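The entries follow in the order I made them.

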Amino acid sequence: MEVSAAIIFSAEILGVIAFAVSGALLAIEKKLDLFGIIFLGITPAVGGGVMRDLLLGAVPPYMFRNPIYVFVAFLTAILVFFIKVYIRKNSDRIRLITYQIINIMDAVGLGTFVVVGADTAIHAGFGKNGFLVVTVGVITGVGGGILRDLFIGHIPHIFRKHVYAIAGFVGAFLYYYMYILDLNPIFAMFIGISIVILLRLMATYFKWNLPRVPIEDERR
Amino acid sequence: MEVSAAIIFSAEILGVIAFAVSGALLAIEKKLDLFGIIFLGITPAVGGGVMRDLLLGAVPPYMFRNPIYVFVAFLTAILVFFIKVYIRKNSDRIRLITYQIINIMDAVGLGTFVVVGADTAIHAGFGKNGFLVVTVGVITGVGGGILRDLFIGHIPHIFRKHVYAIAGFVGAFLYYYMYILDLNPIFAMFIGISIVILLRLMATYFKWNLPRVPIEDERR
Amino acid sequence: MEVSAAIIFSAEILGVIAFAVSGALLAIEKKLDLFGIIFLGITPAVGGGVMRDLLLGAVPPYMFRNPIYVFVAFLTAILVFFIKVYIRKNSDRIRLITYQIINIMDAVGLGTFVVVGADTAIHAGFGKNGFLVVTVGVITGVGGGILRDLFIGHIPHIFRKHVYAIAGFVGAFLYYYMYILDLNPIFAMFIGISIVILLRLMATYFKWNLPRVPIEDERR
């Protein structure tokens, strides 16, 4: 039990770091100052959890009750800032490897946030409402990224990205289904998280995309 | 009573459909994928209600306690997607008629959401606070559309649209006034909703607009 | 006590006016209609307080329990509208003086909102959680401005502005520190607010800025 809690926590921290890197890099690209970089590093890391807690009425949100997540995101954003200031010339190869590492960490984060979010909803007493559990789980996973994109004036990335929220839905649904079947919760968590990671990595590798409406005569 | 509840519910569903169509069409225009289309279909349909419930402390929001609204918006978005994929060439006439039907449904939705929102605030125990009741009613009606526009990077449409939020204000205010006068609530609802619909249709027909500051020498 | 409460209240009202002017001017620049101008005047004035109250679970938010702030912001926005309509040709000198007055009032508002926000968090029972108190204080001060910028499609100004949120942090932190030291709360409030005002005016005067990452080869 102790060990599994430690593994879940480590996965959460990996996710926080990946999400914070994504926010800090976007902030730098948009020429924001150090405060903006830190703010946009923290937003994707804790924004989904804040939404979850507001929706469940669990106030003040968890980020205030256990500041470790904000603190890790804060340090990550600072680190990204210094790396960007001092290491300005990256080879394309380093760029690619960095991108791939971040992508894997992001998948770990998405999976963990979604499953932990669904689990939080169950423990808040909504175990009988599968629609709520799954939706709140997905919001926990993707809400922070949506906020991040809104803050820098982008249409949220998950509305166009290779199968992202859908991977979260599958993970949350599976986790909830195993909860209904009364399986071991730790086991269910690992399965749920693993499925999300697997789907995300396959979606990236095979460039899966959801269908769109083909548009020819567009005004814009 | 039963019959009037059914009529109110039908009006709500008409509104959900109209709001979902508006979101889905914008998502398609912005080239979002199917997830984005569904998300942007659901957002305007339930976003205002979520804001209302968070402001009133009625958590989890009603959309989680009765998923029918999300479900209808979901189906509507899917339907819009398929119509857009398979029926690509519209005549201008069909476009115009469609637009007019949606506009009427949107007016029905706005009126119903505003009045039901105000009524929810009253039943949550805030009947003595007219400012709260009217404001929360209007937020219920227009909040989802504001979120929709933020998500796709537009300045919210209601900040420039022919008398929209104002129509909602009039409806919410009238409903509250009739509540104070202790009139029959069902009667008050129908009057409130009808006024909003009437104002919206007249605003569209006569191209009413609120005043702006005329700007000549603009920098941007 | 009475006198100090009156001073704090006056400082809040100065802040509400300054924030409302900022929102109304942006709305006019973006060619919004009168409703948009009023909405964008009210948003920065009360948005941070609404966020604070939602995070603390103090619902309905204070703006609904005491509408004076909304009312002042409403009147301010209307006034800005009429001034802009009737006094179209400003000399550069009047423009500059107006800007400077607004900037001072904005500093007063930021300081007061931050300290009152931190104080609200303490009185809501979170006095032992310094991280929460300081963060909620800063959110109270800057949250409304972030919302205002999102609504008009700008990247929030405080992500690039001369030392703004940082000034709020310093004020909230100092106020909390004096609370821990059990100093007289009124005294602590005045010190906290004064520090924020001082930092903001110095930041504007000396053009202090937080560091950014210098970017040469930018794609966009």
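I started just past helix H2 of chain C, where C:Gly57 takes a positive phi of about 75°. Helices (H or I, at least four residues) and strands (E, at least two) are DSSP runs, numbered from the N terminus.

Ground rules next. I am working on a predicted model, where local features need pLDDT of at least 70, side-chain atom pairs count only at pLDDT 80 or more, and totals for chains, interfaces and linings use all residues. Residues are numbered from 1 along each chain as its sequence is written, chains are lettered from A and ligands numbered from 1 in the order in which they are written, and side-chain values use heavy atoms, with hydrogens and water left out.

**Helix H2, chain C**

I looked up the span of H2(C), residues 34-56. Its 23 residues reach 33 Å from first C-alpha to last, close to the 33 Å expected at 1.5 Å a residue. The expected span is 1.5 Å times one less than the number of residues.

Where does H2(C) bend? I found a bend of about 45° at C:Val46. The bend is the angle between axes fitted to the seven residues ending there and the seven starting there.

In H2(C), 21 of 23 residues are buried. Buried means under 20% relative accessible area, exposed over 50%, and partly exposed in between (1.4 Å probe, protein chains only).

At the start of H2(C), I noted C:Asp33. One of its side-chain oxygens comes to within 3.0 Å of the backbone nitrogen of C:Phe35.

**Helix H2, chain A**

H2(A), residues 34-56, has 23 residues and spans 33 Å between its end C-alpha atoms, close to the 33 Å expected. I put its kink of about 45° at A:Val46. H2(A) is largely enclosed by the rest of the structure, because 21 of its 23 residues are buried. A side-chain oxygen of A:Asp33 lies within 3.0 Å of the backbone nitrogen of A:Phe35, at the helix start. After the helix I found A:Gly57, with a positive phi near 75°.

**Two single residues**

A:Ser4 sits in helix H1 (residues 2-29) of chain A. Beyond neighbours within four places in sequence, A:Ser4 is in contact (heavy atoms within 4.5 Å) with A:Ile186 and A:Phe190.

B:Tyr205 belongs to helix H8 (residues 185-205) of chain B. With a relative accessible area of 67%, B:Tyr205 is exposed. I also compared B:Tyr205 with B:His162: they are 43 residues apart in sequence and 9.8 Å apart in space, C-alpha to C-alpha.

**How the chains are related**

I superposed chain C on chain A. A rotation of 120° with 0.0 Å of shift along its axis does it, at an RMSD of 0.0 Å. The two copies are therefore related as by a three-fold rotation axis. The copies use different surfaces, as 6% of the contact residues of chain C recur in chain A.

I then laid chain C on chain B. That takes a turn of 120° and a shift of 0.0 Å along the axis, with an RMSD of 0.0 Å. In chain C, the C-alpha nearest the axis belongs to C:Gly153, 3.8 Å away.

Conventions
Polar contact = N/O pair within 3.5 Å; in protein donor to acceptor, adjacent residues only side chain to side chain. Least-squares fit on C-alpha atoms with pLDDT ≥ 70 in both.
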